[in-house]
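Welcome, and thanks for opening the viewer. Let's take a walk through this protein together, one selection at a time.

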Amino acid sequence: MLDKIIKTSKKSDKNLTFEVGSNSDLILENTITNNLMWTIKNFAHEPKGFLTFPTKFDMVDPILNLNHNEKIIVRMSVNPDELIKTIELGTSPLKNRIIAINKLAKAGYKIGIIIAPVILVDNWQKLYKDLIIQLEHSLCSEAKKKVFFEVIFMTYSYIHKAINSEAFPKAINLYDEEKMKNRGLGKYSYKQIYREEGEKFLKELLAHYFPKNKIIYFS
C-alpha cells in the first residue's frame, strides 16, 4: 500500500495528502504491530506528499522521536468526556487525548482535531461548550499555533447499533426519532433544522476560542 501511495505522489504535480487510517485506528494498532512507526520512517524521506490518519487513542510515545519531516498529519478525535465514557467505550479519556495532542505538537507533527461524532443529546450545548473551553485551556502553545478543526455530526446506523449492542450491552441508545431522518438502508442523520443549529453553535464557539485556527469542514 505504501509503495502505491509513493508512486502516486511522485506522479502528481502537487503535494497530495493520503488518508491511511480509514480501516483501523493506527495508534491502537501500532501497540501490537509497530506498523505505524515503519510507515512514518519509510515515508518521511519522500520528497512529495503527506500522510494523515485519525485516532481516539493517546499511545503516541512510540512515534514522538521519529524523523517525520512534518509529512505526517495526526488528527485526534475528541468528544465531551461524558460522551466518551458512555459511548466511546474502550477509548482514551479526553484528558489523555489532549496530553497526546500536546506531545505530538511539541514533536513537530502537523495536528488536527476532529470533533466527532457530534451527538445532540439533551444537554449537548453545555457539553460541547465545556469541551472547547477545555481544549482552549489545556492545549499547549505549539498545538494552538498549528491545530485545525474538523466537525462531523453523528450518522446513526442500525448495523452499527447491532454490533455495538453485542460488544457493549450497557451503551446508551443514540437513535432519536424526533431529531433524525432516514437516509435509507437503515441509516439516519440529523434533520436539517437540528444540524444547522448545531453547526452555527459550534462555529461561533470555535471562532471565539480559536479565532486564528482554520475549520476545514463540517460534515
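Which helix gives the largest share of the lining of the second largest pocket? It is helix 3, with four residues. Before going further, keep in mind that this is a predicted model.

**Stop 1: the second largest pocket**

Select Met1, Val20, Gly21, Leu26 and Thr39: of the 15 residues lining the second largest pocket, these are the closest to its centre. The space in this pocket comes to about 360 Å³. If you colour the lining by residue class, you will find seven nonpolar, six polar and two charged residues.

**Stop 2: helix 2 against helix 3**

Stay with two of those helices. The axes of helix 2 and helix 3 come within 6 Å and cross at roughly 105°, which means that helix 2 is roughly perpendicular to helix 3. To see where they touch, show side chains for Leu26, Ile27, Glu29, Asn30 and Thr33 on helix 2, then Asn35, Leu36 and Met37 on helix 3. This contact holds four nonpolar residues, three polar and one charged. You have met Leu26 already, among the residues closest to the centre of the second largest pocket.

**Stop 3: a backbone detail at Glu70**

Next, select Glu70, in the loop between helix 4 (61-64) and strand 3 (72-78). What is phi of Glu70 near? The value is near 55°, which is positive in a residue other than glycine. For background, most residues other than glycine have a negative phi.

**Stop 4: helix 6 against helix 7**

Select helix 6 (residues 94-106) together with helix 7. Their axes come within 11 Å and cross at roughly 40°, so helix 6 is oblique to helix 7. The crossing of the two is right-handed. On helix 6, show Leu94, Ile98 and Asn102; on helix 7, show Leu131, Gln134, Leu135 and Ser138, and you have the contact. Its residues are four nonpolar and three polar, with no charged ones.

**Stop 5**

Now find Pro117, in strand 4 (residues 110-118). Zoom in on the bond that joins Ala116 and Pro117: this peptide bond is cis, with omega about -15°. As a rule, most peptide bonds are trans.

**Stop 6: helix 7 against helix 10**

From helix 7, pick Trp124, Gln125, Tyr128, Lys129, Ile132, Ile133 and Glu136; from helix 10, pick Glu197, Gly198, Phe201, Leu202, Leu205, Leu206 and Tyr209. With these displayed, you are looking at a contact of nine nonpolar, two polar and three charged residues.

Conventions:
Residues are numbered from 1 along each chain as its sequence is written. This is a predicted model: local features need pLDDT of at least 70, side-chain atom pairs count only at pLDDT 80 or more; totals for chains, interfaces and linings use all residues. Side-chain values use heavy atoms; hydrogens and water are left out. On a 1 Å grid over the protein atoms alone, a cavity is a set of points where a 1.4 Å probe fits but cannot get out, and a pocket is an open set with protein on both sides within 12 Å along at least five of seven lines; lining residues have an atom within 4 Å of a point. Grid points are joined across faces, edges and corners, and a volume is the space filled by probe spheres set on the points. Ala, Val, Leu, Ile, Met, Phe, Trp, Tyr, Cys and Pro count as nonpolar, Asp, Glu, Lys and Arg as charged, and the others, Gly among them, as polar. Contact means heavy atoms within 4.5 Å. Axes are lines fitted to C-alpha atoms, for helices over the stretch in contact, and angles run from 0 to 180 degrees between N-to-C directions. Angles under 35 degrees count as roughly parallel, over 145 as roughly antiparallel, 65 to 115 as roughly perpendicular and the rest as oblique. A crossing is left-handed if the near helix is turned anticlockwise from the far one by less than a right angle, and right-handed if clockwise.
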